[in-house]
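Look over the sequence and the model before reading on.

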Amino acid sequence: MRSPAPRALLGAASVAVALAAADTYVVVLALTDMMRGVGVGIDSLQRATPIVSGFLLGYVAVLPLVGRLADLVDRRRVLLGCLAVFVVGSMVTALAVELPVLVAGRVVQGVGGGGLVPATLALVADLWPAGRRGVPLGVVGAVQELGSVLGPVLGAAVLVVADWRAIFWVGALAGVVLAVAVVVTGGGGVRRPRVLPTVLGALAVATGWLALAAPESLATSVELGVPFVPFGDATSRLATPVGGVAVVLTVLALAAVMHGRWAALRRVDLLGAALVGGALGCVVLTFAAAEPEREVVGPLGYALLPVAVLLVLAYLVHHRRAVAPLVPRGLVRGRLVRALGVSLLVGVALVAVVVDVPLLARLVHTTDQGEAALVLVRFLVAVPVGALAGGWLLRRVGAGIIAGVGLALTATGLAVMSTWGSGSLEQWTSTLVLAVTGLGIGLALAPVNDAALAESSEETHGTASALVVVARMVGMVVGLALLTAVGLHAYYGAVAALPDPTDTDALREAAVVQVSSVFRGAAGAAALGALLALTLGRAAHRPDASRPEGFALAARG
């Protein structure tokens with residue numbers, strides 16, 4: 001059935017994307033409180049790295065699988081499934097009192113949040129014909145970036161009135177509300193939930209809450225506390241009778257959900273998804289776990305990178321032999337390849353600004369980390385504005401020109417930023433440069449997604465959208481490592497040339513040289529992206545007047 005309110009459905013899905021994006025950064029200010037909440041001291045900050053990288057791991061690794069699933073199953077059902085996973089992950093995170101459980105909750109959150117993006121982008125292709133997708137794609141790009149901006153702000157607002165756990169309870173509640181909104185605005189295409197999976201799922205959630213929350217009135221009771229007593233020498237709350245029941249019920253609920261759907265899953269190519277997801281996970285853990293100011297590759301990187309290479313080679317062999325591979329044969333070609341290249345380079349430029357602008361601010365402007373982060377807001381606010389503008393312009397100008405001009409602006413801004421030093425951030429021109437740089441990156445988002453959707457068929461929109469997001473995330477993760485390598489080389493060269501290696505001011509100047517090198521490298525990446533973007537097409541799409549909004553969704557429903 002066709003959606004009666006395509007704009008309302010897109011609105012609900014877009015807010016869900018913003019919620020997932022916000023959750024990526026919502027832990028920034030709450031991280032130390034979260035560490036204390038699971039018994040990790042502030043002197044063991046390196047142990048908290050998985051709290052951040054775990055979300056990113058789940059977010060990236062699941063993208064190809066969910067993208068392909070969205071091509072085979074109604075997009076609205078995929079959205080609801082991802083929201084359900086996100087809600088469960090949020091609840092586990094909120095209840096965690098042990099680091100492994102907290103990290104597991106963050107990974108599950110990432111899985112649900114990452115799947116929302118390709119499903120929503122593919123939904124745009126369902127609801128709007130080519131030539132009319134610009135503004136909707138711009139909205140998705142804008143809310144995703146806006147969520148990144150608002151994440152730390154929302155986290156700080158909750159911390160004013162409650163503890164860190166409330167952040168994730170609010171996220172879980174928001175996920176439930178958005179799921180209801182998707183059902184209401186999605187028309188009759190969403191099936192009524194089956195009784196057995198619903199009952200088992202509710203029981204699993206209830207017993208899981210009991211196990212993780214371990215209410216004191218029950219856990220310390222002589223008569224009622226036996227189910228909360230750990231097995232043997234175990235200390236985990238899951239290693240208890242009630243925890244064991246929760247695990248069993250969760251497995252049964254998943255089995256009930258999947259009953260009758262194995263045929264669709266076999267068409268998704270689970271082996272291919274495992275190989276690709278494993279390779280992406282290795283890449284994320286290699287670079288995301290590194291400290292960007294000190295190292296390029298994380299502690300396990302030299303072991304994980306060879307594994308990633310082997311998994312990629314295994315997938316290529318599997319791709320040739322599989323009847324229906326994860327990435328359909330013939331999809332990655334022509335303009336889609338170029339769109340993926342542009343998306344990757346956008347990620348490189350974006351991460352350079354996000355990581356190194358606050359670093360530069362701490363070196364030459366302020367020692368307060370919060371104030372340094374506020375400098376970045378000048379850039380972040382401009383990105384969603386650029387995304388909306390890029391989507392609006394697509395009906396008038398070709399995707400290649402919009403993205404090319406946007407990345408040219410970004411390259412220019414980064415080149416100017418590479419000349420900054422002491423006193424630069426006090427000048428009003430710094431705000432202009434940061435805003436122009438963010439506007440340029442935003443301008444490129446919708447055109448790249450539009451080019452990918454235009455190059456793929458209706459049956460592969462989900463996969464194409466997922467690949468675009470994967471390319472951008474890989475660009476961010478790997479780009480940060482490569483740019484850091486360039487910056488560290490410049491830093492060590494500057495330090496070696498110092499007459500007095502203990503001179504604090506001189507060392508600070510050497511660190512500024514490091515940041516400047518990163519900005520120059522990112523400017524080169526943006527300039528290359530601008531040239532590549534020009535090949536995406538110079539003519540605007542003509543709207544297909546014969547296909548009304550919601551047509552493809554009606555066909556799929």
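Predicted model: local features only at pLDDT ≥ 70, side-chain atom pairs only at ≥ 80, totals over all residues.

Residues are numbered from 1 along each chain as its sequence is written, and side-chain values use heavy atoms, leaving out hydrogens and water.

**Overall build**
- The protein has 22 helices and zero strands. Both are DSSP runs, numbered from the N terminus: helices are H or I with at least four residues, strands are E with at least two.
- Of the 557 residues, 53% are buried. Buried means under 20% relative accessible area, exposed over 50%, and partly exposed in between (1.4 Å probe, protein chains only).
- Among contacts with a separation of 6 or more, 82% join residues 24 or more positions apart. A contact means heavy atoms within 4.5 Å.
- The accessible surface comes to about 23,600 Å², and 69% of it belongs to carbon and sulfur atoms. Areas come from the Shrake-Rupley method with a 1.4 Å probe; for residues, only the protein chains shown count as cover.

**Nonpolar cores**
- A nonpolar core is a set of buried Ala, Val, Leu, Ile, Met, Phe, Trp, Tyr and Cys residues joined through side-chain atoms within 4.5 Å.
- The largest core has 122 residues, and Leu116, Val357, Phe379, Leu414 and Met417 have the most contacts inside it.
- Helix H15 (residues 334-364) gives the most to this core, with 18 residues.
- Another core, of 22 residues, lies apart from it; Val27, Ala94, Ala96 and Leu102 are among its members.
- Leaving aside residues up to four places away in sequence, Met417 touches Val353, Val357, Val433, Leu434, Thr437 and Phe519.

**Helix H4**
- H4 (residues 63-72) is mostly covered, with seven of its ten residues buried.
- Those buried residues are Leu63, Pro64, Val66, Gly67, Arg68, Ala70 and Asp71.

**Surface patch**
- Val309, Leu310, Val312, Leu313 and Leu316 make a nonpolar surface patch of about 460 Å².
- Patch residues have over 30% relative accessible area and no salt bridge; nonpolar side chains (Val, Leu, Ile, Met, Phe, Trp, Tyr) are joined within 5 Å, like charges within 9 Å. A salt bridge is a side-chain nitrogen of Lys or Arg within 4 Å of a carboxyl oxygen of Asp or Glu.
- Leu316 sits in helix H14 (residues 301-321). Its relative accessible area is 46%, so Leu316 is partly exposed.

**Cysteines**
- The structure holds zero disulfides, a disulfide being a pair of cysteine sulfur atoms within 2.5 Å.
- Cys82 is buried, at 7% relative accessible area. Cys282 also counts as buried, at 9%.
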